[in-house]
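Here is a short briefing to read alongside the structure.

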Amino acid sequence: MTRALAIVNPAAGNGAGQKLSARIARTLRDAGLRVEIERTPAQGEGARLAREAAESGYDLVISVGGDGTANEIANGLVGSRTALALYPIGSGNDFARSLGYPRRRRDVPRFIRTARRRTIDVGDANGRVFLNAAGVGIDGHVAARVIATVRMVGPTLGWFAGALYGIATYRPVPMRVLVDGELRSGRFLTVVAANAMYFGGGMRVAPNAELDDGQLDVVLAGDLGRRDSLLALARLYRGTHVNGATITSHRARVVEIELERPLPAQLDGEVTRVQRLSIRVRPRALDVIAR
């Protein structure tokens, strides 16, 4: 029987992690998984718990939370042979979308037990692993403001409202961007390096991204103006925003971004401030349970 550790973020899903811990453990065991439960005592502790689980020989670590929780746990598992599975109860769950997880929670335990093990790439931004995307510009600006909105109205409307606010208040800034050594400089609305297809609660920021091709899908958006920015936002949900002119997509292994001053950047929806962002792909660095 597979030996698994479920790491629960008690704050995920507006506190659902705390409320559902016992039920989640029962449903996973009923599905035939030998599972133990740990709760993250503080932000950032998921990586430590996952690292210790890998060192102790667990076959599987199950991330019970959203994209932020999965990001933490991946930072503890990357490079090991312990696989990452998801029990998505967060606000965005974009990585679960990319891996083909069922939307209904009751279907997740059976999926974990029967789905295949797959080895995928991860991104690395200033030394921290990311699963979905890392970016600077309007997405970092929005992410810095959207967390409270998502908690109140849910992921899709929360991100859409946050993006509208961001478009109203954000101005493209000068950036110096090296994409596999090729220089692109100017004022950018955003620069996003994507390992997976989705971010922002279902936006298809990188519709051509693949999780195991050894490259990142780099999306650069120039100074669009408010009207075109709104149109691009609407097209993000369909994945039709890349037009080859003001919004371009590039396949790359290394991206270097330099800013004139520190600005918010996002890694899997978590916010940090940077003046320089060094991003690269780490090929075939993480085992996951996926469709």
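**Salt bridges and backbone angles**

D124 has a relative accessible area of 6%, so it counts as buried. This is a predicted model, and a search of the whole of it finds 16 salt bridges.

**D124 and R282**

- The buried D124 has a salt-bridge partner in R282, with an N to O distance of 3.4 Å.
- D124 belongs to strand β5 and R282 to strand β13, so this pair ties together parts that lie 158 residues apart in sequence.
- R282 is partly exposed, at 24% relative accessible area, whereas D124 falls under the 20% limit for buried residues.

**D217 and R251**

- D217 and R251 also form a salt bridge, and here the closest N and O atoms are 3.9 Å apart.
- This pair links distant parts of the chain, since D217 sits in strand β10 (residues 216-222) and R251 in strand β11 (residues 247-252), 34 residues apart.

**E182 and R184**

- A salt bridge connects E182 with R184, and the closest N and O atoms are 3.3 Å apart.
- Both residues are partly exposed: R184 has a relative accessibility of 22%, and E182 has 47%.
- As background to these pairs, side chains of opposite charge can pair when their charged atoms come close.

**Positive phi angles**

- N126 has a positive phi, near 50°, and is found in the loop between β5 (116-125) and β6 (128-130).
- With 44% relative accessibility, N126 is partly exposed.
- R284 has a positive phi as well, near 45°, but this residue lies within a strand, β13 (residues 270-290).
- R284 has a relative accessible area of 56%, so it counts as exposed.

Technical notes: Residues numbered from 1 in each chain as written. Predicted model: local features only at pLDDT ≥ 70, side-chain atom pairs only at ≥ 80, totals over all residues. Heavy atoms only, no water. Helix = DSSP H or I, 4+ residues; strand = E, 2+ residues; numbered from the N terminus. Buried < 20%, exposed > 50% of the residue type's maximum accessible area, 1.4 Å probe, protein only. Salt bridge = Lys/Arg side-chain N within 4 Å of Asp/Glu carboxyl O.
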